[in-house]
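Welcome! Here is a short briefing to read alongside the sequence and the 3D view. Keep both open as you go through the points.

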Amino acid sequence: MIEFVQLVLGGVAVGCVYALVALGIVLVYKATETVNFAQGELMMLGAFLAVALTSAGLPYWAAFAAAVVLMALAGAALERVVLRPVLGRPQFAIVMLTLGIGLMARGLVAAVPEWGAQTHSLETPFAGASLHAGELTLSADHAMVIATTAVLCGALTLFFHGTRLGLAMRAASQNQLGACYMGVSLARLHSAVWALSAAIAAIAGVLLAPITFVHTNMGLIGLKAFPAAVIGGFGSLPGALAGGIVLGVVESAAGFYLPEGAKDVAAWVVVLLVLMLRPAGMFADAAPRRV
Amino acid sequence: MARTALAVAAAALLLAAPLLLAEYSLAQLSFICIYVVAGAGLMLLVGYTGQISLGHAAFLGVGAYTEAIAQARGLPFPVSAAASGLLAAGCGALVGLPALRLKGIYLAIATLAFGFIAVEVFARWEALTGGNAGMAVAPVVLFGHRLGEEWEFYYLCLAVAVGAMFALANLLRSPTGRALTAIRDAEIPARSLGIDAAHYKTVAFALSAGATGIAGALYAHRIGFISPEAFDILLSIELLTMILVGGLGSAAGVVFGAAFLIAVPQALILARELLPEGIARQSGLQPALFGLVLVLTVLFEPEGLNGLWLRLRSRARRGGAAPGRRRAYRKSERTP
């Protein structure tokens, strides 16, 4: 029993990272109808920035904050330069565009001499520490992920329900035209949403760094956020969060109870099942589509 | 008249290629032919039916593994290649099933999932596939004759590629082809005209996967050694890049795209000798370049190389200003 609880705890921690990446994807999708396949690469960039800043001598927390701010600026710039011109184009074109951005990000990171094709580790002030409760142990890295995700979700809830910008984002995600008529500047809003989404990706990257190390293929881990988002209904922020955590737990259980290799495909098998059985996701209210 | 002359000249050049080209260049030409076959399949699905697939590398893999296993068991090439196509088509129909209900992004994720699962199956079904160690593939044996020479294999690839393009062109003129483009352009009006969208989408998926599977059979012989990681998501993205850069919704775009896909790595090999040491040895150069081309294509030339070619040609003919861009790929609904 204790073994199972331990397993679930580890799964929740990794699931939180999936959830954060999924959160960024859903955020952008709801507000701008763009599906961002480069979100995993944004996460990778955030992690690399944090590594670069700490090795430049910055303390962990300062590097963390700086990486998040820098990625938010990068996200806004990306929206302004690359994505705004294609607004309203067919979905396939936008999917290919974000795939291209992802490829470029990977190639550019690999081209930086110090970053290159190597694996880096991020020094944290709590490395090696762990929490104990009875027989349960939770490493500080995992605890940090769970705690930060919880705090971030609280902050996001406050932001969406307590600020004018949050209200504008919620309005635009329901009805862009309506929001526009009410005086919301959609262009500025899109930049803000991309900035927020890239900042969340950077947070996910910094949190994941001590667990999986930092390398150019981190973006592929970010692809698993798509199953998380779909399980949650692809359009619901709490759904994305729950989907990510469910996925993390399923993966960790599959790795323990099922033969080798099952862990790597568990997320994809689950998402195929969800798509076939309940395509609107587990948390969606089935609204009929307008014609 | 000029068109016929151009076609005859192109055909003559392709047939005479073994006389004109060194073995290495000929091998690259075989690669282009193989990518044309896969591209014809993917173009049918993405360019003409408007469905997104992020898992086509897996169909290529299914074809390649089927071919390798069947040839190792002594089946003749026509049978093994047909089996590759049929098995991949079967997988395609299966993956297409969610396509009946799913649109856009959901379909992309379903095919992405299929791609990851397929690679894992290739890696884990060791008794059949040799697992992560991969398996060697011998040259094609056709009617008791071993196609060991590069030029013999080239003619086989050329024949299959011409067949695939011919099939694509004919299919598009048939009622089925018209139904597919109708679904792409406006699904709900098409359905209200009595087109069974679910049926045609499944057909498109199966045909597309089948063509890609046959390409996979040739691919296995061409690279001579197959392993699971050769068929991962990055190859799927490359295949999509091929048809997007070539020009969505155009048969000529398949050929342009395949040539582009082969030419870029070759150009990079040449460029590396000219570039300064530090940049030239970067492994990330090729993905970065592909990414850049993807972004630039979507932003500035959505019709790809085919659109560029059409504009250049009409400019040359008129000797004046080129007409504006047409939109070849259109969808009435943006939201899934």
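This is a predicted model, and chain A has a mean pLDDT of 85, with 95% of its residues at 70 or more. For chain B the mean pLDDT is 84, and 91% of its residues reach 70 or more.

**Confidence in chain A**
- Among the elements of chain A, helix H3 (residues 60-83) of chain A has the highest mean pLDDT, at 92, while strand E1 (residues 130-133) of chain A has the lowest, at 76.
- Residues 285-291 of chain A have a pLDDT below 50, and this stretch makes six contacts in the model beyond near neighbours in sequence.
- Where pLDDT is low, predicted coordinates should not be read in detail.

**Confidence in chain B**

**The largest cavity**
- The largest cavity contains about 140 Å³ of space.
- Its lining is made by 14 residues, and those nearest the centre of the largest cavity are A:Phe37, A:Glu41, A:Leu99, A:Leu223 and B:Ile237.
- Two or more lining residues of the largest cavity come from each of helix H4 (91-111) and helix H9 (218-223) of chain A and helix H11 (233-246) of chain B.
- H4(A) gives the most to this lining, with four residues.
- By type, the lining of the largest cavity has ten nonpolar, two polar and two charged residues.

**The second largest pocket**
- About 1,500 Å³ of space lies in the second largest pocket.
- This pocket is lined by 35 residues, and B:Ala7, B:Ala10, B:Met165, B:Ala252 and B:Val255 lie nearest its centre.
- The elements of chain B that give two or more residues to the lining of the second largest pocket are helix H1 (2-20), helix H2 (23-48), helix H7 (150-173), helix H12 (251-274) and helix H15 (304-318).
- H1(B) supplies the largest share of the lining of the second largest pocket, with ten residues.
- The lining of the second largest pocket divides into 27 nonpolar, three polar and five charged residues.

**A hairpin in chain A**
- E1(A) runs antiparallel to strand E2 (residues 136-139) of chain A, and four bridges join the two.
- To find this pairing on your screen, look for A:His132, which stands opposite A:Thr137 in E2(A).
- Two residues lie between the strands of this hairpin, where A:Gly134 takes a positive phi near 65°.

**Salt bridges**
- Over all chains, the count comes to seven salt bridges.
- B:Arg191 forms a salt bridge with B:Glu187, and their closest N and O atoms are 3.6 Å apart.
- Both B:Arg191 and B:Glu187 belong to helix H9 (residues 187-192) of chain B, where they sit four residues apart, about one turn of the helix.

Technical notes: Residues are numbered from 1 along each chain as its sequence is written. Chains are lettered from A and ligands numbered from 1 in the order in which they are written. This is a predicted model: local features need pLDDT of at least 70, side-chain atom pairs count only at pLDDT 80 or more; totals for chains, interfaces and linings use all residues. Side-chain values use heavy atoms; hydrogens and water are left out. pLDDT is the predictor's confidence in each residue, from 0 to 100. Contact means heavy atoms within 4.5 Å. On a 1 Å grid over the protein atoms alone, a cavity is a set of points where a 1.4 Å probe fits but cannot get out, and a pocket is an open set with protein on both sides within 12 Å along at least five of seven lines; lining residues have an atom within 4 Å of a point. Grid points are joined across faces, edges and corners, and a volume is the space filled by probe spheres set on the points. Ala, Val, Leu, Ile, Met, Phe, Trp, Tyr, Cys and Pro count as nonpolar, Asp, Glu, Lys and Arg as charged, and the others, Gly among them, as polar. Two strands pair if DSSP finds at least two bridges between them. A salt bridge is a side-chain nitrogen of Lys or Arg within 4 Å of a carboxyl oxygen of Asp or Glu.
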